[in-house]
Amino acid sequence: MLEVLVSVSLVVLVLLASVQVVTRVAAQIGYATTAQAGRPARVKSTAHQWLQGELDYLRSRGYGYLTEAYLNPSGGWQAVSGGAAVERTITPTSREPGENPLPRDFAKAVVRVEVEGVEGCPDACAISVMRVWVRLYRDESDTVPFVLGATSVVRR
C-alpha cells in the first residue's frame, strides 16, 4: 500500500510540473496567452517577424512600385525631407491589400523610401538603387522605433 501511495504521489508531482512546462512552451510559440507571452523577448521576436514580412512584401512589390511612390507620391505616400524621401504610415486600420496587419500591441509603422543610387547622369539620370526603411512603433506618440530594418531594391 505504501508503494502505491508513493508512486501515485510521484505521478501527480510530475503531471503538475509538466503542465506548467507545456503552458510556457505554448506561450513561447504563440499558441497560448499567458504572462510569458507578453515578455520583452516574445514581443521583440513578434516585432522582428512582422518587420521581415513587411520588407519581403515591399521587395515583392518591386522596383517599379517603389519608384512610382517616390516620383509621384499618392495613396498614403508623402514627400518628406524636402522631397529627398517619401514615407507611408501604416496603422491597424490602414494597410495595402496583401500587406500583413500590424502585430498586436503595436500602434504604427513607418515605411520610408530614399534614393541610394543614380546612373546615366548627366544625360539621362535614372534611379538605380532605392533604400527602404521600416520602423515599427509600440505607441502612436513614440519617436524612437521599437524595431527597425532596411533593405535595398535594385533596378534590373
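In this predicted model, Glu87 and Arg112 form a salt bridge, with their closest N and O atoms 2.7 Å apart. Glu87 belongs to strand S2 (residues 85–90) and Arg112 to strand S3 (residues 108–119), so the pair ties together parts that are 25 residues apart in sequence. The chain that holds this pair has 156 residues, of which 33% count as buried. The points below set out the overall layout, the charged pairs, the nonpolar core, the aromatic pairs and some individual sites.

**Overall layout**

- The chain contains two helices and five strands.
- Read from the N terminus, these elements follow the order α-α-β-β-β-β-β.
- Among contacts in the chain with a separation of 6 or more, 47% are between residues 24 or more positions apart.
- The chain exposes about 9,700 Å², and carbon and sulfur atoms supply 58% of that area.

**Salt bridges**

- Side chains of opposite charge can pair when their charged atoms come close.
- The count of salt bridges in the model comes to seven.
- In the bridge between Glu87 and Arg112, Glu87 is partly exposed, at 22% relative accessibility.
- Arg112, at 15% relative accessibility, counts as buried, because the cut-off for a buried residue is under 20%.
- Arg112 also meets Glu114 in a salt bridge, at 2.8 Å from N to O.
- Glu114 counts as partly exposed, with 25% relative accessibility.
- A network of salt bridges that share partners joins Glu54, Arg61, Arg88, Glu96 and Glu99.
- Another salt bridge is formed by Asp56 and Arg59, whose closest N and O atoms are 2.7 Å apart.
- Asp56 and Arg59 are three residues apart in helix H2 (residues 40–71), which means that about one helical turn separates them.
- Both partners count as partly exposed: Asp56 has a relative accessibility of 35%, and Arg59 has one of 36%.

- The relative accessible area of Glu99 is 2%, and the residue is buried.
- Leaving out residues up to four places away in sequence, Glu99 touches Glu54, Tyr57, Arg88 and Ile90.

**Nonpolar core**

- In soluble globular proteins, nonpolar side chains tend to be buried together.
- The largest nonpolar core of this model consists of 27 residues, and Leu58, Leu66 and Leu136 have the most contacts inside it.
- At least two residues of this core come from each of H2, S2, S3, strand S4 (126–137) and strand S5 (147–154).
- Helix H2 gives the most to the core, with 12 residues.
- Apart from neighbours within four places in sequence, Leu58 is in contact with Tyr65, Leu66, Val111, Val132 and Val134.

**Aromatic pairs**

- The structure holds two aromatic pairs.
- In one of them, the ring centres of Tyr65 and Trp77 are 6.3 Å apart and the planes stand at 70 degrees, so the pair is edge-to-face.
- This pair links distant parts of the chain: Tyr65 is in helix H2, and Trp77 is in the loop between H2 and strand S1 (78–80), 12 residues apart.
- Both residues are buried, Tyr65 with a relative accessible area of 15% and Trp77 with one of 6%.
- The rings of Phe106 and Phe146 also make an edge-to-face pair, because their centres are 5.3 Å apart and their planes are at 65 degrees.
- Phe106 is in the loop between S2 and S3 and Phe146 in the loop between S4 and S5, so this pair ties together parts that are 40 residues apart in sequence.
- Phe106 counts as buried, at 5% relative accessibility, whereas Phe146 is partly exposed, with a relative accessible area of 27%.

**Backbone of Asp105**

- Most residues other than glycine have a negative phi.
- Asp105 is not a glycine, yet has a positive phi of about 75 degrees.
- Asp105 is placed in the loop between S2 and S3.

**Nonpolar surface patch**

- Leu2, Leu5, Val6, Leu10 and Leu13 make a nonpolar surface patch of about 530 Å².
- Val6 is in helix H1 (residues 2–28).
- With a relative accessible area of 45%, Val6 is partly exposed.

Conventions:
Residues numbered from 1 in each chain as written. Predicted model: local features only at pLDDT ≥ 70, side-chain atom pairs only at ≥ 80, totals over all residues. Heavy atoms only, no water. Patch = residues over 30% accessible without salt bridge, like charges linked within 9 Å, V, L, I, M, F, W, Y side chains within 5 Å. Areas by Shrake-Rupley, 256 points an atom, 1.4 Å probe, with all protein chains shown as cover. Salt bridge = Lys/Arg side-chain N within 4 Å of Asp/Glu carboxyl O. Helix = DSSP H or I, 4+ residues; strand = E, 2+ residues; numbered from the N terminus. Buried < 20%, exposed > 50% of the residue type's maximum accessible area, 1.4 Å probe, protein only. Contact = heavy atoms within 4.5 Å. Core = buried A, V, L, I, M, F, W, Y, C linked by side-chain atoms within 4.5 Å. Phe/Tyr/Trp six-rings, centres within 6.5 Å; stacked < 30°, edge-to-face > 60°.
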